[in-house]
Amino acid sequence: RLGTAIATVAILANAYTPAAFAGTTITITGNGADSDNDVQVNNTQNTNVTQNNTANFTNNIDGDANTGDNDANKNNGGDVSVKTGDASVNATVVNQANTNSASVDCCTQGDTEVKIGGNAADSNNTINLDVDNKIDVDQDNDADFTNNVKYLNAETGNNDADKNNGGDVSIETGDASVKVAASNWANANSARVGGGNGDGASMSLKILNNAADSDNDIKVNVDSDVEVDQDNDADFYNKVDGDSNTGDNDANENNGGEVSIETGDASVDVTVDNMANFNWADLNCGCVFGEGGLTVDVSGNAYDSDNNVNGDFDSNQDADQDNDADFDTNVKNSDAETGNNDANENNSGSNGDPSIETGDADVNVGVANSANMNS
């Protein structure tokens with residue numbers, strides 16, 4: 001189930017700790033003669049995490065439990081009994097809303113060495129280094145819940161014993177139960193950007209020994225973009241109507257003894273379980289190079305040297321995950337009723353007649369929706 005995944009993700013720490021640039025060495029050495037030496041370094045690091053939640057809950061619950069509208073009516077002799085009990089209404093609504101979690105740890109640029117060596121003579125040496133690291137995590141949730149659990153009714157009969165005269169008229173009921181449980185869970189995002197072994201370190205660009213009519217250029221441009229955008233939108237609307245009734249009981253126009261209506265057991269169970277949207281992204285900042293990768297060496301140089309090293313490295317990781325879910329659940333007029341009971345125009349009960357015995361009316365509704373999931 002989706003819930004296990006959400007629970008696992010939800011314990012991630014919100015840690016945004018991109019490591020600072022370290023270990024960059026840029027050297028133009030020796031120089032001399034008609035030197036014109038330029039070094040230009042531009043390091044930019046942007047980490048931007050934005051997490052937004054919006055949740056609207058509206059719960060309206062109406063409940064009624066009633067152990068019968070009892071009348072024993074126009075009795076004259078003995079033994080008229082109406083006995084009821086047990087009317088129960090249970091409603092449980094649990095809503096949970098939005099969760100974002102982000103763990104960001106990349107932007108490592110280390111072990112870079114750029115060197116233009118011996119120089120001298122007509123030297124004109126230039127180093128240009130531009131390193132950009134950008135991480136952007138944007139996680140948005142929006143959830144609307146409306147639960148109307150209305151007019152829940154548990155009632156153990158509209159009891160009448162009516163126009164009794166002699167003994168033994170009995171209506172006995174009980175057991176009317178309505179249970180509603182609605183559980184809604186909304187949106188969850190979680191993003192981890194770093195955490196892999198791909199540390200993009202080590203780059204060495206050298207133009208060595210130089211001299212004579214040297215004009216040496218190194219130009220390096222390293223870009224790394226990680227962008228995560230996760231959006232959820234969920235609308236829940238649940239309306240549950242429940243009714244439980246153990247009979248509209250009448251014993252009617254009885255005269256002698258022994259008219260009996262016995263009922264009980266009317267039950268309505270409704271369970272609605274909605275879960276909405278879920279995103280999970282793990283990007284890992286895959287390296288441009290690592291493990292001592294990329295070495296450029298332009299060696300002995302001299303005489304009419306014009307040496308160029310030009311590097312352009314790009315690493316882009318992009319995850320975009322969108323969900324939209326609409327739930328509309330109407331469990332309406334769920335009805336459990338053990339009969340519209342009448343014993344009617346009974347006169348004498350010497351043979352033990354008439355008798356109405358009912359019970360056991362059961363309605364079970366289970367709705368479970370799980371919506372969208374990206375990983």
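Visitor: Which strand gives the most to the negative patch?

Guide: That's β19, with 5 residues. Both β13 (215–231) and β19 (306–322) supply at least two residues each, and D322 has its place in β19. Strands here are DSSP runs of E, at least two residues long, numbered from the N terminus. Bear in mind that this is a predicted model, where local features need pLDDT of at least 70, side-chain atom pairs count only at pLDDT 80 or more, and totals for chains, interfaces and linings use all residues. Residues are numbered from 1 along each chain as its sequence is written, and side-chain values use heavy atoms, with hydrogens and water left out.

Visitor: What makes D225, E227, D312, D314, D318, D320 and D322 a negative surface patch?

Guide: Asp and Glu count as negative, and a patch takes residues with over 30% relative accessible area and no salt bridge, joining like charges within 9 Å. Those seven names form such a patch.

Visitor: Why is the pair F145 and F236 called stacked?

Guide: Rings pair if their centres lie within 6.5 Å, and planes under 30 degrees apart count as stacked (over 60 is edge-to-face, the rest tilted). The centres of F145 and F236 are 4.7 Å apart with planes at 5 degrees, so the pair is stacked. F145 sits in β8 (residues 124–155) and F236 in β14 (residues 234–245), so the pair ties together parts 91 residues apart in sequence.

Visitor: And why does the pair F236 and F327 count as stacked?

Guide: Their ring centres are 4.8 Å apart and the planes are at 5 degrees, so this pair is stacked too. It links F236 in β14 with F327 in β20 (residues 325–337), 91 residues apart. F57, F145, F236 and F327 form one aromatic cluster.

Visitor: What makes R192 and D282 a salt bridge?

Guide: The rule asks for a side-chain nitrogen of Lys or Arg within 4 Å of a carboxyl oxygen of Asp or Glu. R192 and D282 come in at 3.3 Å, N to O. The bridge links β11 (residues 188–192) to β17 (residues 278–282), 90 residues apart.

Visitor: Why is D282 called partly exposed?

Guide: Its relative accessible area is 42%, so it falls in the partly exposed range. R192, at 25%, is partly exposed as well.

Definitions and conventions. Patch = residues over 30% accessible without salt bridge, like charges linked within 9 Å, V, L, I, M, F, W, Y side chains within 5 Å. Areas by Shrake-Rupley, 256 points an atom, 1.4 Å probe, with all protein chains shown as cover. Charge placed at Lys NZ, Arg CZ, Asp CG, Glu CD. Helix = DSSP H or I, 4+ residues; strand = E, 2+ residues; numbered from the N terminus. Phe/Tyr/Trp six-rings, centres within 6.5 Å; stacked < 30°, edge-to-face > 60°. Buried < 20%, exposed > 50% of the residue type's maximum accessible area, 1.4 Å probe, protein only.
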